[in-house]
Amino acid sequence: MPALVKEKVRDIPDFPKPGIIFKDISTVIKDPEAFKHVIDFFVDKLKDKQVDYIAGIESRGFLFAGPIAYNLGAGVIIIRKPGKLPAETVSVTYDLEYGTDTIEIHKDAIEEGKRVVIMDDLLATGGTASAACKLVEKVGGKIVAIGFMIDLTFLNGKSKLPEDVEVITMVEY
């Protein structure tokens with residue numbers, strides 16, 4: 001199953017800047033069989049974790065959060081860049097290679113103690129996922145797992161994530 005998905009990921013050289021090889025997942029999600037394999041993989045890994053919510057990180061995390069949540073009978077929480085959520089928010093600012101970024105969640109998104117899985121398409125340096133973990137905890141959620149379709153292991157992003165939370169990845173580079 002992961003082999004089919006891995007062969008569908010397209011490399012785009014020098015995007016978004018020279019020297020970067022971008023892992024394009026659009027070729028995975030447009031293929032019905034490959035996309036189904038991704039969703040089924042995560043549903044299988046999460047089915048016994050009594051998940052209340054899948055929190056998708058903007059924007060490609062949304063693509064996985066919805067169908068996974070549907071299959072688990074869970075709700076979907078969205079984590080977005082500033083100014084995109086209409087109700088009162090909580091935010092976390094985090095460091096990037098060249099500067100900072102911020103993500104937000106609705107203040108009332110998660111009831112105290114609810115079990116949350118955070119989903120995104122790709123784990124690189126871990127900054128965004130780490131900030132998402134802080135957001136979920138700030139609003140009362142208990143993180144039971146963090147899922148990524150792709151892990152760029154050479155960037156060691158897992159080292160920024162909570163040690164006591166399971167990290168589930170489908171494909172590694």
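I sorted the residues lining the largest pocket and got 19 nonpolar, 5 polar and 10 charged. For my classes, Ala, Val, Leu, Ile, Met, Phe, Trp, Tyr, Cys and Pro are nonpolar, Asp, Glu, Lys and Arg are charged, and the others, Gly among them, are polar.

A note on the source: this is a predicted model, where local features need pLDDT of at least 70 and side-chain atom pairs count only at pLDDT 80 or more, while totals for chains, interfaces and linings use all residues. Residues are numbered from 1 along each chain as its sequence is written, and side-chain values use heavy atoms, with hydrogens and water left out.

I read off about 1,200 Å³ of space in the largest pocket. Of the 34 residues that line the largest pocket, R60, L96, L122, A124 and T125 are the closest to its centre. Two or more lining residues come from each of β2 (21-24), β5 (89-96), β6 (99-106), β7 (115-123) and α5 (127-138). The top contributor is β7, with 4 residues. A pocket here is an open set of points on a 1 Å grid over the protein atoms alone, where a 1.4 Å probe fits, with protein on both sides within 12 Å along at least five of seven lines; lining residues have an atom within 4 Å of a point. The volume is the space filled by probe spheres set on the points, which are joined across faces, edges and corners.

I found β5 and β6 paired in the antiparallel sense over 8 bridges (pairing takes at least two DSSP bridges). The two strands form a hairpin with 2 residues between them, and V90 has I105 in β6 as its bridge partner.

I counted 5 helices and 9 strands in the protein chain, as DSSP runs numbered from the N terminus (helices H or I, at least four residues; strands E, at least two). Buried residues make up 45% of the 173.

Where does T169 sit? I located T169 in strand β9 (residues 166-172). T169 counts as buried because its relative accessible area is 16%, and buried means under 20%, exposed over 50%, partly exposed in between (1.4 Å probe, protein chains only). Beyond its neighbours within four places in sequence, T169 is in contact with F41, F148, D151 and K158 (heavy atoms within 4.5 Å).
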